[in-house]
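Welcome! Here is a short briefing to read alongside the sequence and the 3D view.

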Amino acid sequence: MNVPKPLLKFLVHVNGYGPSKKLDRSIRDSQATQQWVLRSILDRSQNTEIGRRYGFKSIWSIEEFQKQVPIQDFESLSTDIDRIRNGESGILYPAKDSLHMFGLTSGSTGHPKTIPVTRKYVERFRQTYGIWSTRILKDHPKLAEGKYLAMYSDWRESFTENGIPCGAVTGLLASLQPPWIRKRMVVSAFASSIKDPNVKEFTVLHHALNHETALWTSANPSSLLRLANRLEEHLESLIRGLADGSFVHLDDLPEEYRRHRDFLPNPARARTLEKRIESKGDTLPKTLWPALEILSCWMGGTLSPYLDALKQKFPGIPMRDPGLMASEGRFTIPIHDNTSSGVPDLSSLFFEFFPADGDAPVPVGQTGPLQLSHEIEVGKKYFLIFTCDWGLYRYHIDDIVEVTDRIGDVPLIRFVRKGSGISSITGEKLSEDQVVGAIHSLPGEFRSKRNDLVLSPVWGDPPNYILFVEDGDDLTEEECIDAADMLEERLLELNCEYQSKRESHRIGPIQVALIDPGSFDLLKKREVESAGGRAEQYKLKRIRGDLQFAESLSPYRVLSRDDTQARFP
């Protein structure tokens, strides 16, 4: 049964009205809201093991909380989380809170982190989703006229010894969507369990071609870009499979999935798509889906270089960032299009911040004051520390955010990079956000051809950095060398330490090296498997500080020209 447009708008409004009002109140009086949120979290958790360990019952102020509770990270909580995996309860969160699953995310030690996803976690996440949905539907009312293409992964990728699922939190949340939302989602839940990315992408496109879509959403913009590229390369065979029911990967799907109605012949729909192509004279997604209103994907940090290519594939279509989120939770709610900045979820989480502009590390394991949300300054970068009511207290997630603006005393923040995104051979301290900024300065035509670019040091006399680019007939060697030169010029402007080291010849000029096509896909596969994460969580690190990294991409061919060495004679 299809939900009528007025009813859909009403249901979304009702679902997000209460949480949205709470957000508005938190913006009007953020300090009181944060005090209330912390008090509520501590009250709920005072009888847990960690609550007794740090005396939650005796804490009556933010200052006392900061004096009694040390800053935590996953490693410091791993023993407690292992006990939860083994079936113990009442350790980090109240025993009455049911455990849905463990969210898997990449770990720094090579083993995946497993984050408990409780009833309260899901409740809070759905509240923020309700706020986000209410705002985006208000700004784009035509979203009620179409369906939604949503890409997510399996929340049951593996199981603990006690049978608790481990996987993607987004998969669980999709399965818990109300029926009137699930009716609008064109991609079957079966698709989330497809392991082969090629099969999964073709399956998602086949579903989408069967329907009028108004929203395409995937946390990672590279996933949307891959769909657009697949569509461009294989549209003829996709439409043919739509018309006669000969979907090319049907035999790769589970038998029960093959019976989905979208795999039946649909010649009428195929003719509609062909007429649109003929009328417009192109095969852009907006031609195939005229109701396509907006894209939703992460827009900040190391993923931003994908955005220019997305804009070429989806010209004129705005983007709405879903907010800063991770397996540990959802932290911001963007309220405008075409920006990665969002309002912190002040009514659900307690936030603290540690300056990221200096060299001092976050003092994990120590107590003491940190800056609060109303104290951080526009234009400065901070490590985000948060406390929630699903078992994480003063938790250092190793995300660096930047304050981009304020609404009263409420900061708007955007994700910049992970804290580990620094390379420094001789003290130059090149950061990932600087490299991302330099990549943005490259010509749009070059970036549209090569989204995946990585800068890595190599040893020599002097050492230098190499820009790795996948080879291909669509790029000349001259274009690649020019790109390396432009990247160097921009980094000299962005980083005075790098400029100093270049001028003193302690670092040589950036060179460019060609690697085999598909090398970055292999790198992604290798790093996802090594970290125990998932493909849609993967963020290509644009700067590598490991001198051995270049060898992992061998064989590669360094390009040069005579004047490259002459920048600082």
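Is phenylalanine 351 buried or exposed? Phenylalanine 351 counts as buried because its relative accessibility is 1%, where buried means under 20% relative accessible area, exposed over 50% and partly exposed in between, using a 1.4 Å probe and protein chains only. This is a predicted model, in which local features need pLDDT of at least 70, side-chain atom pairs count only at pLDDT 80 or more, and totals for chains, interfaces and linings use all residues. Residues are numbered from 1 along each chain as its sequence is written, and side-chain values use heavy atoms, leaving out hydrogens and water.

**Aromatic pairs**
- The whole structure holds 16 aromatic pairs, counting rings of Phe, Tyr and Trp (its six-membered ring) with centres within 6.5 Å; planes under 30 degrees apart are stacked, over 60 edge-to-face and the rest tilted.
- Phenylalanine 351 and phenylalanine 353 form a stacked pair, because their ring centres are 6.3 Å apart and their planes meet at 10°.
- Phenylalanine 353 is buried too, with a relative accessible area of 0%.
- Phe190, Phe247, Tyr257 and Phe263 are joined into a cluster by ring pairs.

**Charges over rings**
- Arginine 39 has its charged end over the ring of tryptophan 60, 4.8 Å from the centre (the cut-offs are NZ of Lys or CZ of Arg within 6 Å of the ring centre and within 35 degrees of the ring normal).
- Arginine 85 lies over the face of phenylalanine 102, 5.7 Å from the ring centre.

**Around leucine 137**
- Leucine 137 counts as buried, at 11% relative accessibility.
- Between the C-alpha atoms of leucine 137 and arginine 182 there are 16 Å, and the two residues are 45 residues apart along the chain.
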